[in-house]
Amino acid sequence: MPEEELVDIKFRLYDGSDMGPFRYSSASTVDMLKQRVVSDWPKGKTIIPKVANEVKLISSGKILENNKTVGQCKMPFGDNAGGVIIMHVVVQPSLAKTKTEKKIDDSPRKIVCSCSIL
């Protein structure tokens, strides 16, 4: 039976700080990585993801899809024999919770012009 390949991944947050590195199986999904990021999110940050869907993981300029495994995403990671892979973490809170805009008044307005023609 072949030995399972393990990958070391470090998560780089918006402020330049890092989480990890953590060791994952190549069979781990991107969704599993996102759940780990949310559960281990450092205290005291101004932006805090509540659920995995608010997190995007980016590696080599590509947004990783939830259903892909670490092994399937290996190509974008490049040949990093024994090195640590750094993934950038982007937090996008859902719009329904963060929308605090005032209601825009769409009622028609009467324009009055006080121009005189000579």
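The following legends describe close-up views of a predicted model.

Local features in this predicted model need pLDDT of at least 70 and side-chain atom pairs count only at pLDDT 80 or more, whereas totals for chains, interfaces and linings use all residues. Residues are numbered from 1 along each chain as its sequence is written, and side-chain values use heavy atoms, with hydrogens and water left out.

View 1. Five strands form an open sheet of mixed pairing, in the order S2-S1-S5-S3-S4. S2 and strand S4 (62-63) stand at the edges with a single partner strand each, so one side of each is left without a neighbour in the sheet. Strands (E, at least two residues) and helices (H or I, at least four residues) are DSSP runs, numbered from the N terminus; two strands pair if DSSP finds at least two bridges between them. S1 and S5 pair in the parallel sense over five bridges, and Lys 10 stands opposite Ile 86 in S5.

**View 2. The S1-S2 hairpin.** S1 and S2 pair in the antiparallel sense over six bridges. The two strands form a hairpin with five residues between them, and Gly 16 in the turn has a positive phi of about 90 degrees.

**View 3. The salt bridge between Asp 8 and Arg 23.** Asp 8 stands opposite Arg 23 in S2. These two residues form a salt bridge, with the closest N and O atoms 2.9 Å apart. Asp 8 lies in strand S1 and Arg 23 in strand S2, so the pair ties together parts that are 15 residues apart in sequence. A salt bridge is a side-chain nitrogen of Lys or Arg within 4 Å of a carboxyl oxygen of Asp or Glu. Asp 8 counts as buried at 18% relative accessibility, while Arg 23 counts as exposed at 54%. Buried means under 20% relative accessible area, exposed over 50%, and partly exposed in between (1.4 Å probe, protein chains only).

**View 4. The salt-bridge network at Asp 18.** Lys 10, Arg 12 and Asp 18 are linked in a network of salt bridges. Asp 18 forms a salt bridge with Arg 12, the closest N and O atoms being 2.5 Å apart, and the side chains of Lys 10 and Asp 18 meet in another at 4.0 Å, N to O. Lys 10 is partly exposed at 22%, as are Arg 12 at 26% and Asp 18 at 32%. A search of the whole structure finds five salt bridges.

**View 5. The largest nonpolar core.** This core has 21 residues, of which Ile 9, Phe 11, Leu 33, Val 37, Leu 57, Met 87 and Val 89 touch the most other members. The elements that give two or more residues to the core are strand S1 (6-12), strand S2 (18-25), helix H1 (30-39), strand S3 (55-59) and strand S5 (84-91). A nonpolar core is a set of buried Ala, Val, Leu, Ile, Met, Phe, Trp, Tyr and Cys residues joined through side-chain atoms within 4.5 Å.

**View 6. The surroundings of Val 89.** Leaving aside neighbours within four places in sequence, Val 89 is in contact (heavy atoms within 4.5 Å) with residues including Phe 11, Val 37, Trp 41, Val 55 and Leu 57.

**View 7. Glu 54 in the loop between H1 and S3.** Glu 54 lies in this loop and is buried, with a relative accessible area of 5%. The side chain of Glu 54 reaches the backbone nitrogen of Lys 50 at 2.8 Å.

Technical notes: A polar contact is a pair of N or O atoms within 3.5 Å; within protein, one must be able to donate a hydrogen and the other to accept it, and residues adjacent in sequence count only if both atoms are side-chain atoms.
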